[in-house]
Amino acid sequence: MTVAVAIVVYADRPSTRHGIARSLRGAPGIGRVECAATAEELVRGYTRAPADVVLVAVRPDEPAGPAAAAALLSVAPDAAVIMFGSFGTGAGALVPGIGGFLRKYDGLYPEPATAPPDAERLRLSERELQILWGMAQGKRNIQIGADLALSEDSVKTHCKRIFRKLGVHDRAEAVAIGFRAGFLS
């Protein structure tokens, strides 16, 4: 059974906000896609209809994105927040409690990006796909393990294998590749 993922996109720039939303709408596995232009809109919208993933745009030396993420996490600490930005966005933009950070080249932006990985070349086992799906839902290893009747250490081992197979370094990159390659549809 395929479950459609609900996403909220926060960006103070309309071109970024609407470009990301336009790229996500109609993609396999994506259901509801909403936008927020202010921290207040983000919190109000998420409180009204929680999303599976919240994408928060950050820019170098601009506090709006981190402030919006922090405001949401103060109200909904279990929200799956992924921040995204360009190369110049430093670690100071990161907010405690976020699920990951996507850099501009990770293919999230609607601008031309590298081609998605060759799905034929990437082979994930059924268990690895289940764990990748748990990551996409923002679940922690212990939660994924409980859902799949696995120990947290087993989930960690599967995560390492997934990262190696996909050629990534963290969960956010794995989820992004998973969507682009059609694993999460």
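This briefing covers selected helices, loops and cysteines of the structure above. The model is predicted. Helix 5 and helix 6 pack with their axes 8 Å apart. By the distance rule for cysteine sulfurs, the count of disulfides is zero.

- An α-helix has 3.6 residues a turn, so residues three or four places apart point the same way.
- After helix 1 comes Gly-26, which has a positive phi, near 85 degrees.

**Helix 5 against helix 6**

- Two packed helices are described by the angle between their axes and the distance between the axes.
- For helix 5 (residues 141-148) and helix 6 (residues 152-166), the angle is about 105 degrees and the axes are 8 Å apart.
- Helix 5 is therefore roughly perpendicular to helix 6, as angles of 65 to 115 degrees are classed that way.
- On the helix 5 side, the contact involves Asn-141, Ile-142, Ile-144 and Gly-145.
- On the helix 6 side, Glu-152, Val-155, Lys-156 and Cys-159 take part.
- Sorted by class, the residues of this contact are four nonpolar, two polar and two charged.

**The loop between helix 5 and helix 6**

- Ala-149 lies in the loop between helix 5 and helix 6.
- Most residues other than glycine have a negative phi.
- Ala-149 is not a glycine, yet its phi is positive, about 60 degrees.
- Ala-149 counts as exposed because its relative accessibility is 72%, and the cut-off for exposed is over 50%.

- Gly-167 sits in the loop between helix 6 and helix 7 (171-180).
- With a relative accessibility of 59%, Gly-167 is classed as exposed.
- Gly-167 is 10 residues from Ile-177 in sequence, and their C-alpha atoms are 9.4 Å apart in space.

**Cysteines**

- A disulfide would need a pair of cysteine sulfur atoms within 2.5 Å, and the count by this rule is zero.
- Cys-35 has a relative accessible area of 27%, so Cys-35 is partly exposed.
- Cys-159 has a relative accessible area of 5% and is therefore buried.

Notes
Residues numbered from 1 in each chain as written. Predicted model: local features only at pLDDT ≥ 70, side-chain atom pairs only at ≥ 80, totals over all residues. Heavy atoms only, no water. Helix = DSSP H or I, 4+ residues; strand = E, 2+ residues; numbered from the N terminus. Axes fitted to C-alpha atoms, helices over the stretch in contact; angles between N-to-C directions. Parallel < 35°, antiparallel > 145°, perpendicular 65-115°, else oblique. Contact = heavy atoms within 4.5 Å. Nonpolar A, V, L, I, M, F, W, Y, C, P; charged D, E, K, R; others polar. Buried < 20%, exposed > 50% of the residue type's maximum accessible area, 1.4 Å probe, protein only.
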